Amino acid sequence: MGVIQGRNILIYAGNSGTTPVVAAAKSCTISEQCDMLEKASASNQSSKEFEPGRTEWDISISHLVVANAEYEGMLKVGTKLSISVVINGVRKTGMAICQHADIGGTAGNLATGSLKLKGSGPLT
């Protein structure tokens with residue numbers, strides 16, 4: 001999949017990818033999975049054959065930096081967010097739901113923490 005640099009992932013307030021940026025990550029991990037569908041084959045009964053099935057993805061983000069205090073409340077469990085990330089030089093976007101949020105900080109400093117996001121639909 002290639003290295004994903006923290007500066008290449010952005011979280012938006014809305015779903016268009018053009019609304020104000022809520023947060024940017026310093027580090028992140030994107031995991032994509034694919035269900036495997038077993039294929040019946042009369043000619044090859046002793047070995048299993050598979051076809052790719054439905055895909056899913058999730059993102060874990062550490063050291064979250066909230067860009068604007070008025071959007072900090074949007075980074076909570078159950079919130080649907082627009083994600084934009086550059087993978088191998090190609091920008092991909094998708095919608096994700098926040099599964100876990102741990103955000104904090106001291107007065108006068110940028111908020112930091114971590115998020116766990118589950119993709120809702122394709123990452124294209």
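**Figure 1. A salt bridge between Asp-58 and Lys-116.** The side chains of Asp-58 and Lys-116 meet in a salt bridge (3.9 Å, N to O), a term for a side-chain nitrogen of Lys or Arg within 4 Å of a carboxyl oxygen of Asp or Glu. Asp-58 belongs to strand S4 and Lys-116 to strand S8, so the pair ties together parts that are 58 residues apart in sequence. Strands (E, at least two residues) are DSSP runs, numbered from the N terminus. Asp-58 is buried, with a relative accessible area of 12%, whereas Lys-116 is partly exposed at 28%. Buried means under 20% relative accessible area, exposed over 50%, and partly exposed in between (1.4 Å probe, protein chains only).

The model is predicted: local features need pLDDT of at least 70, side-chain atom pairs count only at pLDDT 80 or more, and totals for chains, interfaces and linings use all residues. Residues are numbered from 1 along each chain as its sequence is written, and side-chain values use heavy atoms, with hydrogens and water left out.

Figure 2. A second salt bridge joins the side chains of Glu-56 and Lys-118 (2.3 Å, N to O). Glu-56 lies in strand S4 and Lys-118 in strand S8, so this pair ties together parts that are 62 residues apart in sequence. Glu-56 is partly exposed, at 33% relative accessibility, and Lys-118 is partly exposed, at 24%. Glu-56, Asp-58, Lys-116 and Lys-118 are linked in a network of salt bridges.

Figure 3. The side chains of Lys-39 and Glu-49 form a salt bridge (3.7 Å, N to O). Lys-39 is in strand S3 and Glu-49 in strand S4, ten residues apart. Lys-39 has a relative accessible area of 37% and is therefore partly exposed; Glu-49, at 25%, also counts as partly exposed. The structure has five salt bridges by this rule.

**Figure 4. The largest nonpolar core.** This core has 21 residues, and those with the most contacts inside it are Ile-9, Ile-11, Ile-59, Ile-61, Leu-75, Ile-83 and Leu-117. A nonpolar core is a set of buried Ala, Val, Leu, Ile, Met, Phe, Trp, Tyr and Cys residues joined through side-chain atoms within 4.5 Å. Strands that each supply at least two residues of the core include S1 (9-12), S4 (49-62) and S8 (112-119). The largest share, four residues, comes from S6.

**Figure 5. Strand S1 and its partners.** Ile-9 and Ile-11 point one way from S1, Leu-10 and Tyr-12 point the other way, and all are buried. Strands S1 and S6 run antiparallel and are joined by four bridges; two strands pair if DSSP finds at least two bridges between them. In S6, Ile-83 is the bridge partner of Ile-11. S1 also pairs with S2 in the antiparallel sense, over three bridges, and Ala-24 in S2 is the bridge partner of Leu-10. Among the residues that Ile-9 touches, not counting those up to four places away in sequence, are Ala-24, Cys-28, Ile-59 and Val-85, where contact means heavy atoms within 4.5 Å.

Figure 6. The whole structure contains zero disulfides, a disulfide being a pair of cysteine sulfur atoms within 2.5 Å. Cys-34 is partly exposed, at 34% relative accessibility, whereas Cys-98 is buried, at 2%.
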